[in-house]
Amino acid sequence: MVNDRQSLDLTPFAGPAGGGAVEWRISDAPVPYPEAVAAMEARAADIAAHQAPELVWLLEHPPLYTSGTSGKPEDLLDPRFPMFATGRGGQITYHGPGQRVAYVMLDLKRRRPDVRAYVASLEEWIIRTLSAFNVRGERREDRVGVWVSRPDKGEGFEDKIAAIGVRLRRWVSFHGISINVEPDLTHFDAIVPCGVADPRYGVTSLADLGHTLTMADLDIALRQGFEEVFGTAKAPLPEATV
């Protein structure tokens, strides 16, 4: 069933006039998870205090699992990589090389204080990004994230290609999205991804779907899609403290 978030008006998330461009940062080396969380929390606090601009931070992590506020211990089937409890929404997921993570720190109090519409805007951003590579991403009523139909696997089969997990503090968002470019998909076998155990629903990547592209290719599409949904972003900044 198509998600009714499809019908939400996302226009207000483009930000008010004169609000300034969002900073855009790309980390080339894998970022340890605790370091990323500490940096996000500090930046979110500065944004809430009007001491720093909004930020989108693109990165990869070393192989690891994270468990959100709805995570269940039994969904970790094989602890082959470190597990980190985190305050974002959602359940257990995998992060690692070949997966683009985008941490999004926006002032929703200024833009639009509506969590449901914000999640729909993140989904729309992912869907537009994937469309640049002729991949049709779709929302689902009972499953957050972005999915692709897999009729090659059988009737009713679908795979998740992108995950969403967000947290708000003083109406500033952090955490964000992840898109599978070319990760080792066997690493998802050690968990019940996002608590979805139905065998018809798996995990895929752009490479698994037959699309060969670099992380830089994806970043260009991410930037274009972001600006369509959320507004102008500044040119990528050199590596520095978030």
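Biologist: Let's take Tyr-103: is it buried or exposed, and what is its relative accessible area?

Modeller: Keep in mind that this is a predicted model. Tyr-103 has a relative accessible area of 4%, and buried means under 20%, so Tyr-103 counts as buried. You'll find Tyr-103 in strand E6, which covers residues 99-105.

Now look at what surrounds Tyr-103. Setting aside neighbours within four places in sequence, Tyr-103 is in contact with Tyr-33, Ala-36 and Met-40, with Leu-55, Val-56, Trp-57, Leu-59 and His-61, and with His-175 and Gly-176. With one of these, His-61, there is also a polar contact, side chain to side chain, at 2.7 Å.

Ala-36 takes us to helix H1, where it is one of the buried residues. Helix H1 runs over residues 33-48, and at 1.5 Å a residue its 16 residues should span 22 Å; the end C-alpha atoms are 23 Å apart, which agrees. The buried residues of H1 are Tyr-33, Ala-36, Val-37, Ala-39, Met-40, Arg-43, Ala-44, Ile-47 and Ala-48. They cover an arc of only 165° around the axis, so they lie on the same side of H1. And what do they pack against? Just after the helix, His-50 takes a positive phi of about 60°.

Let's step back to the nonpolar cores. The largest has 38 residues, and Tyr-118, Leu-122, Trp-125, Ile-177, Leu-218, Phe-226 and Phe-230 are the ones with the most contacts inside it. Strand E6 is among the elements that give two or more residues to this core; others include E2, E10 and helix H4. Helix H3 gives the largest share, eight residues. There's also a second, separate core of 18 residues, which includes Leu-59, Leu-64, Val-101 and Val-172. You've met Leu-59 already: it is one of the contacts of Tyr-103.

Key: Residues are numbered from 1 along each chain as its sequence is written. This is a predicted model: local features need pLDDT of at least 70, side-chain atom pairs count only at pLDDT 80 or more; totals for chains, interfaces and linings use all residues. Side-chain values use heavy atoms; hydrogens and water are left out. Helices (H or I, at least four residues) and strands (E, at least two) are DSSP runs, numbered from the N terminus. The expected span of a helix is 1.5 Å times one less than its number of residues. Buried means under 20% relative accessible area, exposed over 50%, partly exposed in between (1.4 Å probe, protein chains only). The arc is that of the directions from the helix axis to the C-beta atoms. Contact means heavy atoms within 4.5 Å. A nonpolar core is a set of buried Ala, Val, Leu, Ile, Met, Phe, Trp, Tyr and Cys residues joined through side-chain atoms within 4.5 Å. A polar contact is a pair of N or O atoms within 3.5 Å; within protein, one must be able to donate a hydrogen and the other to accept it, and residues adjacent in sequence count only if both atoms are side-chain atoms.
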